[in-house]
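Welcome! Take a moment to turn the model around on your screen before reading on. The notes below walk through it topic by topic.

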Amino acid sequence: PIIEAELELKSGSVDVLYDVAKALVNGSPVRFSQSSKAARGYAFAAGEESGPPKPLNAGNIDISDGDTAELALRAILRSCFDQISHNRIVVLETDDPEGPHQLRIGLRRLRSAFNIFRKIIDPAASRDLDQRARAIGAEVGNLRDLDVLIDEIVAPLEPEMPKSVTADALISHIRDEREKVRESVRQMLGDTKTNDFLFDLAAYTESRGWLTPQAIEQTAALACPVRFFAAKALKKRWKRSSSYGQRIEELSIEERHEMRKALKKLRYTVEFFRPIYKEKAVKPFLEKMKTLQDMFGYLNDVAMAEKLTGLPDAKGQKGANIGLATGFAI
C-alpha cells in the first residue's frame, strides 16, 4: 500500500498533476503536507513526535501592496485550501471541537472569496466548487452546532440550575446524538468526493481555473492593482453592514441574522486584504468587529437553544429530566 507520495511536475500543465494524484490515492483520505522533506528529516532526527493533528486557524495571506488582484486571489485561495484540508484531517482523527469550527470557517472563507472576486472570475468553475463547499459546510455545521449546544449553552448553565433540575441527562443525550452526527460527518469527509473536491480546488487555484477563454476585459480586471480592487470590495461590504446598522433598532429576527452574516463577510474581507493596510488601522477595526460578532453570536446562541427541542425523544425519568433541563436552558 502507498502510505506517502511526492509528485513533482517536470513539464506540462499543472492541472494534469492533480488528475494523476487523484487517480493515485484511489479514494483514501489525503493529508496534504505543509513541511519540506528537510524539515521533516530534522524533526525525525531530533526525535520529535507529531502526535494528533491540531486545529488550524486562518493564516496570514501572502500578498503585498504591489500585487495584482489575480495574485491576491491565488494567495487567498491557498490560505482557504490549507485551512480546509488540514482541519478535515483533524475532524477525521480527533474529537477536538475546534476542528469542525475551523473547518467550517475555512469553507465559509472560501465561499466569501468566490463572492468577492465573482465579477472578475469565470462563474462556471467557481460555482461548482462553491456548491460543493456549501454542502460540506452544512454537514460539518450540524456537528459544530451540537458542540455549541453542549459547551456554550447547556454546560455553563449548570451552576445556575435549581436542585430540581440537572444538566447531566441532557448533556449525555446531546453527546449521544453528537456521536451519531460525528460518524456521519467522518464518512462524508473520508469519502472520495471530498478528496476530489480538494484536488479540484487545488487544481483550480494553481492552474488559473478562473480564466474565461478569450475574455480580454477579464485580463485587464485580473491585472488591476490589488489596492484598488480591495478598496472597492471593502466599500461594498461596509455599505451592506452599515445599512443594517442604521436601522438596528427596527431589524426583524431574520434581518439581524442577515446582519450577522454581513459582518462576518466584512471581517473575512478585511482579513483577506489586511497585509496591504497599516496594522495600526486594521487591528482596532477588527477588535470592534470581534465585539460586534460576539454580541450577535450570543443572540444566535439564544436562538440555537431552541434546537434542544428538536433532539430525539428520550423515555422515562431520563426523558423527564431532559425536558426540565431543556426548558430551563431555553
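Among contacts in the protein chain between residues at least 6 apart in sequence, what percentage join residues at least 24 apart? The value is 78%. Keep in mind that this is a predicted model. With that said, here is a tour, starting with the whole chain and ending with a single residue.

**The chain as a whole**

- The protein chain has 12 helices and zero strands.
- Read from the N terminus, its elements run α-α-α-α-α-α-α-α-α-α-α-α.
- Picture a box drawn along the principal axes: the C-alpha atoms of the protein chain fill roughly 70 × 60 × 40 Å.
- The protein chain counts 330 residues, and 39% of them are buried.
- Its accessible surface is about 19100 Å², with 53% of that belonging to carbon and sulfur atoms.

**Cysteines without a bridge**

- A disulfide is a covalent bond between the sulfur atoms of two cysteines.
- This structure holds zero disulfides.
- Take Cys 80, which is in no disulfide: the nearest cysteine sulfur belongs to Cys 224 and is 20 Å away.
- Is Cys 80 buried or exposed? Cys 80 has 0% relative accessibility, so it counts as buried.
- Cys 224 has 22% relative accessibility and therefore counts as partly exposed.

**Aromatic rings that pair up**

- There are eight aromatic pairs in the structure.
- One of them joins Phe 117 and Phe 229, which are stacked, with 4.6 Å from centre to centre and 15 degrees between the planes.
- Phe 117 counts as buried because its relative accessibility is 0%.
- Phe 229 is buried as well, with a relative accessible area of 12%.
- Tyr 204 and Trp 210 form an edge-to-face pair, with 5.6 Å between centres and 75 degrees between the planes.
- Both Tyr 204 and Trp 210 are buried.
- Phe 32, Phe 81 and Phe 199 are linked into a cluster by ring pairs.

**A charge over a ring**

- Look at Arg 227, which lies over the face of Phe 228, at 4.9 Å from the ring centre.

**A closer look at Asp 130**

- Asp 130 is found in helix H5.
- Its relative accessibility is 18%, so Asp 130 counts as buried, the cut-off being under 20%.
- Which residues does Asp 130 touch, not counting those up to four places away in sequence? Its contacts are Arg 111 and Phe 114.
- With Arg 111 there is also a polar contact between side chains, at 3.1 Å.
- For a sense of distance, compare Thr 68: its C-alpha atom is separated from that of Asp 130 by 23 Å, and the two residues are 62 apart along the chain.

Notes:
Residues are numbered from 1 along each chain as its sequence is written. This is a predicted model: local features need pLDDT of at least 70, side-chain atom pairs count only at pLDDT 80 or more; totals for chains, interfaces and linings use all residues. Side-chain values use heavy atoms; hydrogens and water are left out. A disulfide is a pair of cysteine sulfur atoms within 2.5 Å. Buried means under 20% relative accessible area, exposed over 50%, partly exposed in between (1.4 Å probe, protein chains only). Rings of Phe, Tyr and Trp (its six-membered ring) pair if their centres lie within 6.5 Å; planes under 30 degrees apart count as stacked, over 60 as edge-to-face and the rest as tilted. A charge sits over a ring if NZ of Lys or CZ of Arg is within 6 Å of the ring centre and within 35 degrees of the ring normal. Helices (H or I, at least four residues) and strands (E, at least two) are DSSP runs, numbered from the N terminus. Contact means heavy atoms within 4.5 Å. A polar contact is a pair of N or O atoms within 3.5 Å; within protein, one must be able to donate a hydrogen and the other to accept it, and residues adjacent in sequence count only if both atoms are side-chain atoms. Accessible areas come from the Shrake-Rupley method with a 1.4 Å probe; for residues, only the protein chains shown count as cover.
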